[in-house]
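Visitor: I am new to this structure. Please show it to me, and then let us talk it through.

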Amino acid sequence: MIKKSSKSTLSNEEALDYILRASKKFLPKTEVIPLVSAYNRILAADVVSDTNIPGDDTSSRDGFCLKDSSVENCSLENPIELKLVKGEVHAGHCVESIKENECAYIATGGVLPKGADTVVPFENAELSSDKNKVIFKSEIKSGDFVRLKASEMKIGEVVAEKFAVIEPELAGKIVSAGTFMVEVFKKPVVAIITSGDEIVMPWEKPEPWQVRTSNPTVLSMLIEKYGGNCLDFGIAKDTGDNIENLFVKAVEAADVVVTSGGIAMGRHDPTRNMFEKLGIESVFQKYGSHFRPVFYSEYKGKPIFALPGVPSGMFRIFEKFVGPFLKAITSKRT
C-alpha cells in the first residue's frame, strides 16, 4: 500500500498552499515566438520601444498650422488673417517652414513645419475669397491639436512588462515599439492517463457494463484553460503492466503527469499499485472529503497528480489543486 504522508491530514486550503509552495521548484521555461501567434500568452521579458511615437510634433486634426504668436488676441471681434503658403502637409508631402503671419494646410498626422506650434481645425477658420488667406475668428491657444513628439511612446520606454498577458490592444503597442518576436513562458506539457477496464473512448459504443469516458476531453480543456498543452496517453487497463508502461513514457515526454481513476483504496486499483511498485510515495493525499481521493507526488523530477475517475470529483479536484499549480509554473514571478 502507498505510504501516506503526515500531510494527508491537511485541510483543503493547507493542501493547496503546500502544492503552490511545491511549484516553486519547477522553474518555467521560455520560448521566442511570433507576436501574431502569442495571443493570451504571458510575457517572459519586458518589451522596450526602439522608437518615438509620434516621431515629431504632428497634427491631431485636419486644419491649418501656424505660429501661435501670429494669432494672439484673436476673437470674433478681432479676426486675424494669415497668408496661406503654397504646399500641403500630409503623408508624403511637407512644408519645410512657415514664418510669422503665415499658415499652411495640414492633415491629421502631418508633421508640423519648422516655426509652427499650433493647429486650428477647418471648422474654426475661413478661406478668403481669393483663397490666398485664412481668416481666424476665435480664441486660439498655443499647442492646440498638436501631438507632441514622443508623447505616446519614447525610445527606451517599457511598453509591456514581464508577466503581462498578450491581448490585442497590448499587441498593438508591442508592434509599434518595433517588436514582432516575443519571449513568452512556455506552456507546460501535461500528460494524461485514464484507467479502467470498464471505460471506452467517446466514439465507441459501450456494452451494458461499459461507459464512455469524458475525462480526457474535460482534462484537455482544463489544461488549456490553465495554460498547458495536453498530451493524451489514452486508457490504461486495470491489469498487467499497461499503466506502468504508459506512465513511464508520460514522465519522459511531459512536464507534469495527471492520471484519473484507479487511485482509491481497492485492491485492484491499478494506479495505486503502479505507484507502489515504482516506489512513488505520496507527499500529499486526501481521503475523507468531497475532494477525494487526490494524490500529489514527484517522480524523476516531475510533478505527479492522481485524481479520481468519477468525472465530477475529477473536475473539482483539478480546479482546486491542479489548475492553480499549472498557473503557478506557467508564469512564476521570480
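This is a predicted model: local features need pLDDT of at least 70, side-chain atom pairs count only at pLDDT 80 or more; totals for chains, interfaces and linings use all residues.

Visitor: What is the phi of Ala150, and where is Ala150 found?

Guide: Most residues other than glycine have a negative phi. Ala150 has a positive one, near 65 degrees.

Visitor: Is Asn40 buried, exposed or partly exposed?

Guide: Asn40 lies in the loop between β1 (30-34) and β2. Its phi is positive, about 70 degrees, although Asn40 is not a glycine. At 46% relative accessibility, Asn40 is partly exposed.

Visitor: Which peptide bond is cis, and what is its omega?

Guide: Most peptide bonds are trans. Pro54 sits in the loop between β2 (47-48) and β3 (58-59). The bond from Ile53 to Pro54 is cis, with omega near -10 degrees.

Visitor: Is Thr179 buried or exposed?

Guide: Look in the loop between α2 (168-176) and β12 (181-185) for Thr179. Leaving aside neighbours within four places in sequence, Thr179 is in contact (heavy atoms within 4.5 Å) with Leu35, Val47, Val48 and Ile174. With a relative accessible area of 18%, Thr179 is buried.

Visitor: And Lys205: buried or exposed?

Guide: Lys205 is in the loop between β14 (199-200) and β15 (211-212). Not counting residues up to four places away in sequence, Lys205 touches Gln210 and Arg212. Its relative accessible area is 73%, so Lys205 is exposed.

Visitor: Why do the buried residues of α4 line one face of the helix?

Guide: In α4, the buried residues are Ile243, Glu244, Leu246, Phe247, Ala250 and Val251. Seen down the axis of α4, they line one face because they fall within an arc (taken from the directions from the helix axis to the C-beta atoms) of 165 degrees. An α-helix has 3.6 residues a turn, so residues three or four places apart point the same way.

Visitor: What do the buried residues of α4 pack against?

Guide: Helix α4 covers residues 242-253. Its buried residues pack against β13 (189-195), β16 (229-236), β17 (256-260), α5 (270-278), β19 (294-299) and β20 (302-307).

Visitor: At what angle do α4 and α5 pack?

Guide: Their axes (lines fitted to C-alpha atoms, for helices over the stretch in contact) are 9 Å apart, and the angle (0 to 180 degrees between N-to-C directions) is about 65 degrees. That makes α4 roughly perpendicular to α5 (65 to 115 degrees; under 35 is roughly parallel, over 145 roughly antiparallel, the rest oblique). The contact is made by Ile243, Glu244 and Phe247 of α4 and Pro270, Thr271, Met274, Phe275, Lys277 and Leu278 of α5. To repeat the value, about 65 degrees.

Visitor: How do α1 and α6 lie to each other?

Guide: Helix α1 (residues 12-22) and helix α6 (residues 311-330) pack with their axes 9 Å apart. Their angle is about 25 degrees. α1 and α6 are therefore roughly parallel.

Definitions and conventions
Residues are numbered from 1 along each chain as its sequence is written. Side-chain values use heavy atoms; hydrogens and water are left out. Helices (H or I, at least four residues) and strands (E, at least two) are DSSP runs, numbered from the N terminus. The expected span of a helix is 1.5 Å times one less than its number of residues. Buried means under 20% relative accessible area, exposed over 50%, partly exposed in between (1.4 Å probe, protein chains only).
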